[in-house]
Amino acid sequence: KNSAKAMEKELVTCSLQEKENTAIDRSQIFQIPQRKDLETKVIVVLGKAGMGKSILVQKICQDWSNGEFSQFEFVFWFDCKQISLPEKRYSLKELLLEFSVKPREGSNEIFEYILQNPAKVLLIFDGFKGLHDHETFPRCSASQPENDLCSIKELLSGLIQKKILNGCTLLFTARPKDKLYQYVSKVDKTIEIVGFSPQQRELYITRYFEESPYCDSALKLIKECEYLFSHCYSPVMCRFVCFLCEAVLEMGEKSLPSTLTEVFLKFFQQKIMLMQTDVTATQNQESLAALARIAWCLGEKHQSAMKSDLILSKEVKEFALKYGFVLPFAFPRHSDSEEEEFGSTFADFVTQNFLCALHLLLAEERKDRNLTKYLSFLSKKKKPYNWLDLMPRFLIGLMFLQDDPYFCSLSNEDAKQSTKKQKTLLKYIRRLQINTLCPERLLELLCCVYETQNNYLLQHVALRLEPDLSFLGVVLTPPDVHVLLSILKRSRKEFSLDLQNSSIDMQGLQALVSLSNVTSFRASLSDTVRLWKSLEQRKDYELLKASTEKFVLDPFKAKTVKDICDLSDLVEMQKKMMNCVQEASGCTSYEIPAIRNLRKLEFALGPACGLQGLLKLVKILAAFPSLQHLDLDALSENGIGDEGAKSLSEVFPTLTSLETLNLSQNKITDLGAENLATALPSLSSLKTLSLYNNNICDSGAENLAKVLPAMTSLRVLDVQYNKITGVGAQQLTDSLRKCPHIKNLVMWNPTIPYGVLEHLHQLDSRISV
């Protein structure tokens, strides 16, 4: 379970370059090396809402129908929104053959073949989120789950627990923060969809308009509105923006809305207006309000699908279907005599989010209530409406659009009520202790306030931001970066940004570090070096120099071999910078401040890669002139052994500033201790040396004892939990008499008799027992 959680966290926080380097082709999705064919395989596709997970699985189905993925004879695709209504029960046969393919004849024979050949079956469950509205996933209790009626959760439980169709392949799609791993303890492969790059956004927009008379002007118009263009990293948002751009150009207008709320307000108005003929505006308003109420009722239950009879009014049902706000589907029948039953689902998550916000703002029973409780940047409570994650932004945005003609055409909102709600919100944000918000909620506050485009609110928030802004581990999407950029520009403060593990793209990173009031920043080392290489290739030496001077590396913790490679790239970058500076100014030397100022380096690669990583690290250690603390323990047994100790000792003469060296738990023996002892006196600033929990015996202790008098800067030596006996302990004690500079010798070992150690302590109180 813990490894699964770690896998999920790693997915969300790895750098953009790492994601690009591990990109896979669609044909590789089902390739799982070293896996038994007889067991059920579980593959998970993660991605934020609107990233194209559903399009991907539909394309997989299409590819299969065209002859690809020939290992599967049967592929079944299910929309979890449709099959997860709590009152619905299915047998496996009904789910596969009635909900999906509906064969005209031979159902029993087909089903028997499926049961006997599970390895040839692929089951796709799209949108797993709709299935976890309870805290625990039920165990499959049906005696014959293939034929008995079960809830969809029980059926899925049987599949995951390998009680049903053991040997099939399960493909789930879900959002990154869904509690998927509490139900699926063993995942064989996890894939994440990260959205469009700027180049892909342009390609999508160009293709959308390629047969349109507005082909040339559309892309230019969208790119001019940087905020909307940033939202186009999401395929579903890109489609909405393109639709709206087309409508705007057809009307002869020359600009797009500046916020997401205005985009969807205009989108709804355009949809209804373009088809409005025989229905009055008032009837449309009433139908929209009724649909918004349904959206909210479902949203509170984490649902987006419903049985059609939930929409009581025929007019509302026709309205919703006519304008494409909801899409119909059919439920499977338990028997041939049963009447076919239909359901509806909201066309996409953004439409439902917008309708929920509209309901909260317009519903009669909520007009006098405080709407701030529905906002998602509450300081201490758990985020209440994280399933409707765009709803708070739309809600705040709509509060500040009471005079907008499009808003007036969709609602009968009273201007006085809107003003009252605005004042309530202003009062709430003025009282909010912004400096107590965690990074995720601070970012949500900034995005919500941006939707208002209210100068007072934007300025208020900008002035109250802390100088040290950390977004460590929080995914910063292109729209997030745009909002953060625009608000930082409003402040006169100087900021230090922590953008590590935020998956920020290169354009966003460049934009933020280019701000004059951003004086320092931390970010993924690989992404930072990649940015610098790009600037160097473009010969933008001024920005290159400015960004290198702002970059902070200290302290640096290496957890993978890639981290060491990134550090090597940084050192290599300094050489290139030297050439750039020499070319530009004639200077013969240049040091990247991050390299010059690195004081603490932690090495935690573990036993599998410890030696390999260290051999790479020692080649560049001399490049860090201020390194004071080198920790090769860092709560991880790196196991560098004698070979690593020898390699490290060879660079000791270059580490003139090193004060602390931690070589604990590294499987160093007497041979390694001998190599270390030979070179240790060259560490002229060393104050603390730890060799805790290695395999050093009396011979190693003797070699250390010989050099202790020459290590005049040393204050603390830790050799406890080795294999030193009383003989080695005596040698160290004898040497200690010649070392008045040493303050503490920690030397408890299970192989030293306690009486001997106690006696040595009495001889010299600096020896710890």
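Predicted model: local features only at pLDDT ≥ 70, side-chain atom pairs only at ≥ 80, totals over all residues.
Close-up 1. If you go looking for cavities of 30 Å³ or more, the count is two.

**Close-up 2. Three strands side by side, E11 to E13.** Here's an open sheet whose strands come in the order E11-E12-E13, and the pairing is parallel. Which strands sit at the edges? They are strand E11 (468–470) and strand E13 (518–522), and each of them pairs on one side only. Neighbouring strands of this sheet are turned by 15° against each other on average, with direction ignored. Now zoom in on strand E12, residues 495–498: four bridges join E12 to E13, and the two run parallel. To spot one of these contacts, find Ser-496, whose bridge partner in E13 is Ser-520.

Close-up 3. Which elements give two or more residues to the lining? By class, the lining of the second largest pocket holds six nonpolar, five polar and five charged residues. Domain 2 (198–256) and domain 4 (433–542) each supply at least three residues to this lining.

**Close-up 4. A five-stranded sheet.** This open sheet has five strands in the order E2-E4-E6-E1-E7, with parallel pairing. Strand E2 and strand E7 (189–192) stand at the edges with a single partner strand each, so one side of each is left without a neighbour in the sheet. From one strand to the next, the twist averages 15°. Inside the sheet, strand E4 (residues 121–126) and strand E6 (residues 169–174) run parallel and are joined by four bridges. Look for Phe-125 and you'll find its bridge partner in E6, Phe-172. Here's a handy thing to keep in mind while you trace a strand: in a regular strand, side chains alternate between the two faces of the sheet.

Close-up 5. A pair of aromatic rings is described by the distance of the centres and the angle of the planes. For Phe-30 and Phe-72, the ring centres are 5.2 Å apart and the planes lie at 75°, so this pair is edge-to-face. Where do the two residues sit? Phe-30 is in the loop between helix H2 (16–21) and strand E1 (41–46), while Phe-72 is in the loop between helix H3 (53–65) and strand E2 (74–79). The pair links distant parts of the chain, with the two residues 42 apart. Searching the whole structure turns up 26 aromatic pairs.

Close-up 6. Most residues other than glycine have a negative phi, and most peptide bonds are trans. Leu-165 has a phi near 50°, a positive value in a residue other than glycine. You'll find Leu-165 in the loop between helix H7 (152–160) and strand E6. Pro-555 belongs to the loop between helix H24 (541–550) and strand E14 (556–558).

**Close-up 7. Strand pairs E14 with E15, and E15 with E16.** Start at strand E14, which runs parallel to strand E15 (residues 600–603), with three bridges joining them. Across this pair, Ala-558 stands opposite Phe-603 in E15. Then move on to strand E16 (residues 629–631): E15 and E16 pair in the parallel sense over three bridges. Which residue of E16 stands opposite Leu-601? That's Leu-630.

Conventions. Residues numbered from 1 in each chain as written. Heavy atoms only, no water. Pairing = 2+ DSSP bridges. Axes fitted to C-alpha atoms, helices over the stretch in contact; angles between N-to-C directions. Nonpolar A, V, L, I, M, F, W, Y, C, P; charged D, E, K, R; others polar. Domains from an automatic or database assignment. Phe/Tyr/Trp six-rings, centres within 6.5 Å; stacked < 30°, edge-to-face > 60°. 1 Å grid on protein atoms, 1.4 Å probe; cavity = no way out; pocket = protein on both sides within 12 Å on 5 of 7 lines; lining within 4 Å. Points joined across faces, edges and corners; volume = space filled by probe spheres on them.
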